[in-house]
Amino acid sequence: MRTRLQGDLRAPAAARQFVAAPLRDLLGRAGPPPAEDVVLVVSELVTNAVRASAGVIDLSLLVDESRVEVEIADDADGWPTPRDADWEDPGGRGLAIVDELADRWHTTELNPGKRVTVTWFRRA
């Protein structure tokens, strides 16, 4: 499944809506991974793209018997860099959430922008 979102304040909610129902149908309530984890990671990464001033955000979701994979590509400058956010910081935790919930993630440079690929391995 693929969709293209405008890089505006509605994008995170649209991204959550795009992946939530299909994930629950494809994964069931038990996962793994839990559908809620995938939805949260998608929301965090799309929010980062919006904050980086992306004009467009491409979102894809792949679910098969061995893995769940999400790709978020945007045309914004900047590079996703994990931070150690202080408890008083209003932001800076998104990539830590991604790192904690996903099995693997990496970033690929595009011209312009970048693509973040997040993978969860489905265990039998």
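Modeller: Start with Asp-74. This residue is buried, at a relative accessible area of 8%; buried means under 20%, exposed over 50% and partly exposed in between, with a 1.4 Å probe and protein chains only. The model is predicted, so to speak of local features pLDDT must be at least 70, and side-chain atom pairs count only at pLDDT 80 or more, while totals for chains, interfaces and linings use all residues. Residues are numbered from 1 along each chain as its sequence is written, and side-chain values use heavy atoms, with hydrogens and water left out.

Asp-74 lies in strand E3. Helices (H or I, at least four residues) and strands (E, at least two) are DSSP runs, numbered from the N terminus. The Asp-74 side chain reaches the backbone nitrogen of Ala-76 at 2.9 Å. A polar contact, also of 2.9 Å, joins the side chains of Asp-74 and Lys-114. A polar contact is a pair of N or O atoms within 3.5 Å; within protein, one must be able to donate a hydrogen and the other to accept it, and residues adjacent in sequence count only if both atoms are side-chain atoms.

Leaving out residues up to four places away in sequence, Asp-74 touches Ala-49, Ala-54, Val-56, Ile-57, Pro-112, Gly-113 and Lys-114. Contact means heavy atoms within 4.5 Å. Gly-113 sits in the turn of the E4-E5 hairpin, with a positive phi of about 90°. Four residues separate the two strands there. E4 and E5 (residues 114-121) pair antiparallel over six bridges. Strands pair if DSSP finds at least two bridges between them.

E2 (residues 56-63) and E3 (residues 67-74) run antiparallel, joined by seven bridges. Asp-58 has Ala-73 as its bridge partner in E3. Among the buried residues of H1 are Val-19, Leu-23 and Leu-27. Their cover includes helix H2 (35-51).
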